[in-house]
Amino acid sequence: KLVWGFANGWAKNEDVGEKVCFFPPSEIKDAYAELSRQGYAPRGMGYWVIEEEGKHDLFLTKRLNEVLQIRPVLKNKCKDKPL
């Protein structure tokens, strides 16, 4: 069983160098869809650090839910665009 973990907005900081990879939510969605088609969908997804949610206008909570579709979507004031 596979669970994916991602770095959120902080991974886009210029000072992190090459120690972390940033995956845009659109690529996460595409990879999840392809693995699902093949019968290998990950069991879940997460990210760190919660305090960085919204940094660089990236809201992974909302974006990962759009991929997994496990929670109702609430209208909020997130500035980022849907996938």
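The model is predicted: local features need pLDDT of at least 70, side-chain atom pairs count only at pLDDT 80 or more, and totals for chains, interfaces and linings use all residues. Residues are numbered from 1 along each chain as its sequence is written, and side-chain values use heavy atoms, with hydrogens and water left out.

The protein chain contains 2 helices and 2 strands, where helices (H or I, at least four residues) and strands (E, at least two) are DSSP runs numbered from the N terminus. Read from the N terminus on, these elements follow the order β-α-β-α. Of the 83 residues, 31% count as buried; buried means under 20% relative accessible area, exposed over 50%, and partly exposed in between, computed with a 1.4 Å probe on protein chains only. Among contacts between residues at least 6 apart in sequence, 52% join residues at least 24 apart, a contact being heavy atoms within 4.5 Å.

Helix α1 covers residues 25–37. Its 13 residues reach 18 Å from the first C-alpha to the last, close to the 18 Å expected at 1.5 Å a residue; the expected span is 1.5 Å times one less than the number of residues. Pro-25, Ile-28 and Tyr-32 are the buried residues named in this helix. Seen down the axis of α1, the buried residues fall within an arc of 55°, so they line one face of the helix; the arc is that of the directions from the helix axis to the C-beta atoms. An α-helix has 3.6 residues a turn, so residues three or four places apart point the same way. The buried residues of α1 pack against β1 (3–7), β2 and α2, whereas the face turned away from the buried side carries the exposed residues Asp-30 and Arg-37.

After α1 comes Gly-39, whose phi is positive, near 85°. Ala-41 lies in the loop between α1 and β2 and counts as partly exposed at 37% relative accessibility. With neighbours within four places in sequence left aside, Ala-41 is in contact with Tyr-32, Leu-35 and Ser-36. The C-alpha atoms of Ala-41 and Val-3, 38 residues apart along the chain, are separated by 9.2 Å.

Strand β2 holds Trp-48, a partly exposed residue with a relative accessible area of 43%. Leaving aside neighbours within four places in sequence, Trp-48 is in contact with Gly-5, Phe-6, Ala-7, Asn-8 and Trp-10. The C-alpha atoms of Trp-48 and Gly-5 are separated by 7.7 Å, although the two are 43 residues apart along the chain. The peptide bond from Trp-48 to Val-49 is cis, with omega near 10°, and Val-49 has its place in the loop between β2 and α2. That loop also contains His-56, a residue other than glycine with a positive phi near 60°. The relative accessible area of His-56 is 41%, making this residue partly exposed.

In helix α2, the buried residues are Leu-60, Arg-63, Leu-64, Asn-65, Val-67 and Leu-68. They pack against β1, α1 and β2. In the segment after α2 stands Gln-69, which has its positive phi of about 50° although it is not a glycine. Gln-69 is exposed, with a relative accessible area of 65%.

The second largest pocket has a volume of about 150 Å³. On a 1 Å grid over the protein atoms alone, a pocket is an open set of points where a 1.4 Å probe fits, with protein on both sides within 12 Å along at least five of seven lines, and lining residues have an atom within 4 Å of a point. Grid points are joined across faces, edges and corners, and the volume is the space filled by probe spheres set on the points. The lining consists of Met-45, Tyr-47, Thr-61, Leu-64, Asn-65, Leu-68, Ile-70 and Arg-71. The elements giving two or more residues to this lining are β2 (44–48) and α2 (60–68), and α2 supplies the largest share, 4 residues. By class, the lining has 5 nonpolar, 2 polar and 1 charged residues; Ala, Val, Leu, Ile, Met, Phe, Trp, Tyr, Cys and Pro count as nonpolar, Asp, Glu, Lys and Arg as charged, and the others, Gly among them, as polar.
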